[in-house]
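These notebook entries record what I looked up in one structure, in the order in which I looked. The sequence and the model come before the entries.

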Amino acid sequence: MPVTVGPYGQSQPSCFDRIKVGFMMGFAVGMAAGALFGTFSCLRIGMRGRELMGGVGKTMMQSGGTFGTFMAIGMGIRC
């Protein structure tokens, strides 16, 4: 597929750039959801202090990675 050039010499982002942006957006949304759900689940089971921070951080990274991967796959399918 040829790259089209706009009226001011701008070109569209490549497919790899779109996949990167999709991953970053998905990672950000997943981190936010992981912070919310991870905090509630860790508090529910009685974690406090350093253990709470570690549990929430782990949940945030897992959610961000999972959702980011699926968003990257979706953006790859689109282009």
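Predicted model: local features only at pLDDT ≥ 70, side-chain atom pairs only at ≥ 80, totals over all residues.

**Entry 1: A buried cysteine**

I began with Cys42, which is buried, its relative accessible area being 5%.

**Entry 2: The chain as a whole**

I looked up the secondary structure and found two helices and zero strands in the protein chain. Helices (H or I, at least four residues) and strands (E, at least two) are DSSP runs, numbered from the N terminus. Of the 79 residues in the protein chain, 18% are buried. I recorded an accessible surface of about 5,900 Å², with 70% of it belonging to carbon and sulfur atoms. Such areas come from the Shrake-Rupley method with a 1.4 Å probe, and for residues only the protein chains shown count as cover.

I then turned to contacts, meaning heavy atoms within 4.5 Å. Among contacts between residues at least 6 apart in sequence, 71% join residues at least 24 apart.

**Entry 3: Helix 1**

I checked the length of helix 1, which has 30 residues. Its first and last C-alpha atoms are 42 Å apart, close to the 44 Å expected at 1.5 Å a residue. The expected span is 1.5 Å times one less than the number of residues.

Which residues of helix 1 are buried? I listed Gly22, Gly26, Gly30, Gly34, Gly38 and Cys42. Helix 2 is included in what covers them. After helix 1 comes Gly46, which has a positive phi, near 95°.

I also consulted UniProt, where an unreviewed entry places the feature "transmembrane region" at residues 21-43. UniProt positions are given in the numbering used here, feature names are shortened, and annotations may be inferred rather than shown by experiment. In the model, residues 21-43 are 100% helix and 0% strand, with end C-alpha atoms 33 Å apart.

**Entry 4: Helix 2**

I made the corresponding check on helix 2: at 1.5 Å a residue, its 30 residues should span 44 Å, and the end C-alpha atoms are 43 Å apart, which agrees. Its buried residues are Leu52, Gly55, Val56, Gly64, Gly68, Ala72 and Met75. I found helix 1 included in what covers them.

I next examined Met71, which lies in helix 2. Met71 is partly exposed, at a relative accessible area of 26%. Leaving aside neighbours within four places in sequence, I found Met71 in contact with Gly22, Met25 and Gly26. Between Met71 and Lys20 the C-alpha distance is 9.5 Å, although the two are 51 residues apart in sequence.

**Entry 5: The disulfide**

How many disulfides are there? I counted one, taking a disulfide as a pair of cysteine sulfur atoms within 2.5 Å. It joins Cys15 to Cys79, with an S to S distance of 2.0 Å. This pair links distant parts of the chain, 64 residues apart: Cys15 is in helix 1, and Cys79 is in the segment after helix 2 (49-78). The torsion about the S-S bond is about 55°, so the disulfide is right-handed. Cys15 is partly exposed at 34% relative accessible area, and Cys79 is partly exposed at 40%.

I looked at Ile77 as well, which has its place in helix 2. Ile77 is exposed, with a relative accessible area of 69%. The C-alpha atoms of Ile77 and Cys15 are 9.7 Å apart, while 62 residues separate the two along the chain.

**Entry 6: The salt bridge**

I searched the whole structure for salt bridges and found one. A salt bridge is a side-chain nitrogen of Lys or Arg within 4 Å of a carboxyl oxygen of Asp or Glu. The partners are Asp17 and Lys20, at 3.5 Å from N to O. Why can such side chains pair? Side chains of opposite charge can do so when their charged atoms come close. Asp17 and Lys20 are separated by about one helical turn, because they are three residues apart in helix 1 (residues 15-44). I recorded Asp17 as partly exposed at 31% relative accessibility, and Lys20 as partly exposed at 42%.

Notes. Residues numbered from 1 in each chain as written. Heavy atoms only, no water. Buried < 20%, exposed > 50% of the residue type's maximum accessible area, 1.4 Å probe, protein only.
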